[in-house]
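Here are my notes on the model you asked me to look over. Have it open while you read, and go point by point.

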Amino acid sequence: MSEEDIDEVIRIERLSFPNPWTRGFFERELRNPISYAFVEKIEEKGRLRLAGYIVFWIVTDEAHILNIAVDPELRRQGLAKRLLCVALSFMEDRGVDVVHLEVRRSNTPAINLYRRFGFEEVYIRENYYGNEDAIVMRLVFRHKSHIIP
Ligand SMILES: CC(C)(COP(=O)(O)OP(=O)(O)OC[C@H]1O[C@@H](n2cnc3c(N)ncnc32)[C@H](O)[C@@H]1OP(=O)(O)O)[C@@H](O)C(=O)NCCC(=O)NCCS
């Protein structure tokens with residue numbers, strides 16, 4: 001993600017969340033040295049269209065996914081799967097062992113998406129979103145186990 005992507009990112013953000021991130025949030029993440037923000041673009045009528053994005057932090061061997069969304073018009077086409085796949089590979093390459101995220105209890109699409117990648121529900125943060133609980137999910141990379149005899 002770069003500054004030029006932010007208008008389109010915000011458009012998708014507002015269509016995707018009841019309490020969307022502001023421009024300032026995205027700008028701050030672009031300057032934050034522990035933050036990584038990727039956009040996914042598709043080709044449409046000979047032009048590139050921003051279809052989705054993901055923002056995550058990496059701190060030593062832990063990552064935290066802060067935000068992921070796909071344009072409502074382009075959902076259920078595997079775009080979030082591709083985005084998450086790229087982000088998780090990137091994390092693994094950087095030596096991350098464990099990934100955490102929070103998701104609204106009612107957000108079945110996102111929970112299903114994370115489960116497909118092996119995320120497990122670890123605990124509940126009550127009223128994390130004010131009026132709704134968050135499920136904290138965790139994915140532990142198994143790569144290190146290959147080198148332990
Ligand atoms: C969650 C979200 C990113 C999924 O994006 P997407 O591009 O539609 O997802 P994909 O097409 O890659 O689907 C991947 C898997 O997610 C699950 N999934 C996606 N949408 C779903 C839905 N509406 N209902 C149930 N499961 C769904 C399925 O397991 C799906 O795999 P399948 O299609 O093989 O069954 C998208 O719905 C979104 O932007 N939601 C609003 C923002 C949001 O809630 N982000 C998560 C915050 S924690």
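What percentage of the 149 residues in the protein do buried residues make up?

1. **Burial and ground rules.** Buried residues come to 21% of the 149. Here a residue is buried if 20 or more other C-beta atoms lie within 10 Å of its own, exposed if 12 or fewer, and partly exposed in between, with C-beta atoms placed from the backbone. Keep in mind that this is a predicted model: local features need pLDDT of at least 70, side-chain atom pairs count only at pLDDT 80 or more, and totals for chains, interfaces and linings use all residues. Numbering starts from 1 along each chain as its sequence is written.

2. **Overall size.** The radius of gyration, taken over C-alpha atoms, is 16 Å; this agrees with a compact globule, because 149 residues would give a value near 15 Å. That rule is 2.2 Å times the number of residues to the power 0.38. Along the principal axes, the C-alpha atoms fill a box of roughly 50 × 35 × 30 Å. Of the contacts with a separation of 6 or more, 49% join residues 24 or more positions apart. A contact means that two C-beta atoms, placed from the backbone, lie within 7 Å.

3. **Fold layout.** You'll find 4 helices and 6 strands, in the sequence pattern α-α-β-β-β-α-β-α-β-β. These are DSSP runs numbered from the N terminus: helices are H or I with at least four residues, and strands are E with at least two.

4. **The sheet.** The 6 strands make an open sheet in the order β1-β2-β3-β4-β6-β5, with mixed pairing. Its edge strands are β1 (35–44) and β5, each of which pairs on one side only. From one strand to the next, the twist averages 25°. Helix α4 packs on the sheet, touching β4 (98–104) and β6, and its direction makes about 160° with that of β4. For such angles, axes are lines fitted to C-alpha atoms (for helices, over the stretch in contact), and values run from 0 to 180 degrees between N-to-C directions.

5. **Strand pairs.** Strands of a sheet pair through backbone hydrogen bonds, either parallel or antiparallel. Two strands count as paired if DSSP finds at least two bridges between them. Strand β2 (residues 47–59) runs antiparallel to β3, with 8 bridges, and phenylalanine 56 has isoleucine 65 in β3 as its bridge partner. Isoleucine 65 also partners leucine 101 in β4; β3 and β4 are parallel over 4 bridges.

6. Is strand β5 buried or hardly covered? Hardly covered: among the 6 residues of β5 (residues 120–125), the count of buried ones is 0. Strand β5 is joined to β6 (residues 134–140) by 5 antiparallel bridges.

7. **Arginine 138.** This residue lies in β6 and is partly exposed, because 15 other C-beta atoms lie within 10 Å. Not counting residues up to four places away in sequence, arginine 138 touches Val98, Val99, His100, Phe119, Glu120 and Val122. Aspartate 61 is 77 residues from arginine 138 in sequence, and 13 Å from it in space, C-alpha to C-alpha.

8. **Positive phi.** Two loop residues deserve a look. Lysine 45, in the loop between β1 and β2, has a phi near 50°, a positive value in a residue other than glycine. Lysine 45 is exposed, as 5 other C-beta atoms lie within 10 Å. Threonine 60 has a positive phi near 45° in the hairpin of β2 and β3, where 2 residues sit between the strands. Threonine 60 also counts as exposed, with 10 C-beta neighbours inside 10 Å.

9. **The ligand shell.** Which of the 19 residues around the ligand come nearest? They are Arg75, Ala80, Pro109, Asn112 and Leu113. Two or more shell residues each come from β3 (62–70), α3 (79–93) and α4 (108–116), and α4 has the largest share with 6 residues. Being near means having a C-beta atom, placed from the backbone, within 6 Å. By class, the shell has 9 nonpolar, 6 polar and 4 charged residues. Nonpolar covers Ala, Val, Leu, Ile, Met, Phe, Trp, Tyr, Cys and Pro; charged covers Asp, Glu, Lys and Arg; the others, Gly among them, are polar.
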